[in-house]
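I opened this notebook to record what I looked up in the structure shown below.

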Amino acid sequence: MSGVIVTGVRRADADAVAALAGFGVATVHEALGRTGSLGPGLRPIQQGVRVCGTAVTALCRPGDNLMIHAAVEQCRQGDVLVVTTTSPSTDGMFGELLATALQRRGVRGLVIDAGVRDTAELRAMGFPVWSAAVCAQGTVKAAAGSVNVPVVVGGRLVRPGDAVLADDDGVMLVPRDLVATAVEAAEARTAKEEASRAAFAAGELGLDRYGLRATLARLGVRHVTAEEYEREGTAP
């Protein structure tokens, strides 16, 4: 497999990306109609961290991190490196040394659909990582791949320059031309959630606030007493 390294990619607007960082993954995901998630397989190696940045992508051969090294050169302040492989791999393709190089360039974190190692060191240096695996198995640097090409992670297309948002709930993608729209939708979602939070704290039930009693009735769900339940012979 030969490859390419694409330079000068167009990135999402920096101000819009900074605004998007103010919202959690779950909020933005819901605000965009439950779209954008990169799936449950990418988990944080740390807790309590949220990052949002523009994607630089690296497509590697399994067990080979040559193109991650090539991708470092293409990264700049505010980016998030997104790495995947041409077929499934759990090898530890990334660790403390690569993180040091990325941190020096202002990269906000790593999303990798493969393995990482040196996790204690990564947490200590404050470099956030979301990965599909943690594995001490090392890699070689021998096979060609590509940098800054569209890649598929978690069944979703990730283009260089798209916005990547990640926190304890996982990772999601916002296409670079929709980041401002996502911010507006997330603001509206947040206001709605704040109103619901206040209502629930005051004692209102979700059944009433969301009109769910009618839904239960439409689905044929009934309220019966314990005695009625036993008489109907439906008790376990």
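This is a predicted model: local features need pLDDT of at least 70, side-chain atom pairs count only at pLDDT 80 or more; totals for chains, interfaces and linings use all residues.

Residues are numbered from 1 along each chain as its sequence is written, and side-chain values use heavy atoms, with hydrogens and water left out.

**Entry 1: backbone angles**

I recalled that most residues other than glycine have a negative phi. I then looked up N148, which is not a glycine and has a positive phi of about 60°. Is N148 buried or exposed? I recorded N148 as buried because its relative accessibility is 4%. N148 sits in the loop between β6 (146–147) and β7 (151–153); strands are DSSP runs of E with at least two residues, helices are runs of H or I with at least four, and both are numbered from the N terminus.

I also found a positive phi, near 60°, at D118. D118 belongs to the loop between β4 (109–116) and α5 (119–125). Its relative accessibility is 31%, so I listed D118 as partly exposed.

**Entry 2: pockets**

I took a pocket to be an open set of points on a 1 Å grid over the protein atoms alone, where a 1.4 Å probe fits, with protein on both sides within 12 Å along at least five of seven lines; lining residues have an atom within 4 Å of a point. A volume is the space filled by probe spheres set on the points, which are joined across faces, edges and corners.

The largest pocket holds about 200 Å³ of space. I counted 13 lining residues, with N65, G95, L97, L98 and R117 nearest the centre of this pocket. Helix α4 (residues 96–104) supplies the largest share of the lining, three residues.

For the second largest pocket I noted about 150 Å³. Its lining includes R11, T54, Q77 and R108. Helix α1 (residues 14–20) gives the most to that lining, with three residues.

**Entry 3: a loop residue**

Finally, I looked up Y210, in the loop between α7 (206–209) and α8 (212–218).

Conventions. Buried means under 20% relative accessible area, exposed over 50%, partly exposed in between (1.4 Å probe, protein chains only).
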